[in-house]
Structures are given as structure tokens and as C-alpha cells.
Amino acid sequence: TVQSAKVPWHVWVVGAVSLLWNLVGVMDFVMTQTKNKAYMSSFTPAQLDFYYGFPIWVVAAWGIAVWGGVLGSLLLLLRKRQAVHLFLLSAIGMVLTDVRNFALANGFKVMGGAAALMFSAVIFVIGVLLLVYARSMCKRGVLS
């Protein structure tokens, strides 16, 4: 049998922190999709119209992004190489969502300009870093 590499301590830290991070994304997705009044009360009417007007493909891409991140984090904690594929799917979902929101729709204006774009960029960078990290752990034999 093939021996797995010793699991570095940081796998548990990255896995746990990324799971919490991605669960925040799932909460945002679920609260938005269920139109939770308390959660959505801080949004302007234009922002609510923007979110509630997402085409089904954007809702699907957003769902893939957030649920892919959660599942990727869980698989990272379970030391499964499929975490790489889920983090990749998550990143693709983020790209599709952001392209629609900032390039094909008026999300830049409606969601708060440069601050909204920067927030989305930070989320994307974290997603890519998780993908790179999982690939690295896979190449080192930590994920099987």
C-alpha cells in the first residue's frame, strides 16, 4: 500500500478556518435566496431588486461557488484529493457570478462601487488560495 505523507498541522487550521469562512457564504446565499427579511433589511430597494432579479444561471453559479467551497473545506479536513476539484468548481462559480454582476449587469453601481468590487475580489483571491493550497497538499501526498 502507498503511505500518505504526515499531515501537517496547518491542514487542520486551513480546513477549519476555510470551513467557517465558506459557511458564511452559504448563510448569505440561503438568506438571500429565501428572502429573509431580517437579513435583507439593510439592503436598499435597488439592491434587493438586483439580488432578487438574478437569472437562474447566476443563482446556480453562486450556489456552486458557496457549496463547492464548503464541500472542498470538508474534503480538505478529510484529506481527500477531491477537495481540489471542488475548490476549482467554486472558483469557476465565483468567476461566472462576478462576470455577470460586474460586467454584464449594473452590480458595480448598485452594490456600492469599488468597495463591492474589492470585496468580491477578496473572496475570489481566498478561493484561489484554497485551490492552490489543496493542490499543494495533494502533490505532497497529504490528500489521497
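Here is the tour, from the whole chain down to single residues.

This is a predicted model, so local features need pLDDT of at least 70 and side-chain atom pairs count only at pLDDT 80 or more, while totals for chains, interfaces and linings use all residues. Residues are numbered from 1 along each chain as its sequence is written, and side-chain values use heavy atoms, with hydrogens and water left out.

**Stop 1: the whole chain**

The protein chain has seven helices and zero strands; here helices (H or I, at least four residues) and strands (E, at least two) are DSSP runs, numbered from the N terminus. Along the principal axes, the C-alpha atoms fill a box of roughly 60 × 30 × 25 Å. Of the 144 residues, 37% are buried. Buried means under 20% relative accessible area, exposed means over 50%, and partly exposed is in between (1.4 Å probe, protein chains only).

Now think about contacts, meaning heavy atoms within 4.5 Å. Among those with a separation of 6 or more, 74% are between residues 24 or more positions apart.

**Stop 2: helix 1 and helix 4**

Select 9-33 for helix 1 and 56-77 for helix 4. Their axes are 8 Å apart and the helices pack at an angle of about 155 degrees. (Axes are lines fitted to C-alpha atoms, for helices over the stretch in contact, and angles run from 0 to 180 degrees between N-to-C directions.) That makes helix 1 roughly antiparallel to helix 4, a label for angles over 145 degrees.

**Stop 3: the largest nonpolar core**

Next, show side chains for F29, F50, Y51, F54, W62, V66 and M111. In the largest nonpolar core, which has 15 residues, these touch the most other members. A nonpolar core is a set of buried Ala, Val, Leu, Ile, Met, Phe, Trp, Tyr and Cys residues joined through side-chain atoms within 4.5 Å. Helix 1, helix 3 (45-52) and helix 4 each supply at least two residues of this core. Which helix gives the most? Helix 4 does, with five residues.

Zoom in on F29: leaving out residues up to four places away in sequence, F29 touches V59, W62, G63, V66 and W67. Apart from this core lies another one, of 13 residues, including V11, F87, A134 and M137.

**Stop 4**

Colour Q47, F50 and Y51, the buried residues of helix 3. Seen down the helix axis, they fall within an arc of 90 degrees, so they line one face of the helix. (The arc is that of the directions from the helix axis to the C-beta atoms.) These buried residues pack against helix 1, helix 2 (37-40), helix 4, helix 5 (82-104) and helix 6 (107-110). Then turn the view around: the face away from the buried side carries the exposed residues P45 and D49.

**Stop 5**

Setting aside neighbours within four places in sequence, its contacts are I64, A65, G68 and G69.

Finish at W57, in helix 4. W57 is partly exposed, at 41% relative accessible area. Not counting residues up to four places away in sequence, W57 touches L96 and R100. Try the distance tool on W57 and R100: they are 43 residues apart in sequence and 9.8 Å apart in space, C-alpha to C-alpha.

Note on methods: Angles under 35 degrees count as roughly parallel, over 145 as roughly antiparallel, 65 to 115 as roughly perpendicular and the rest as oblique.
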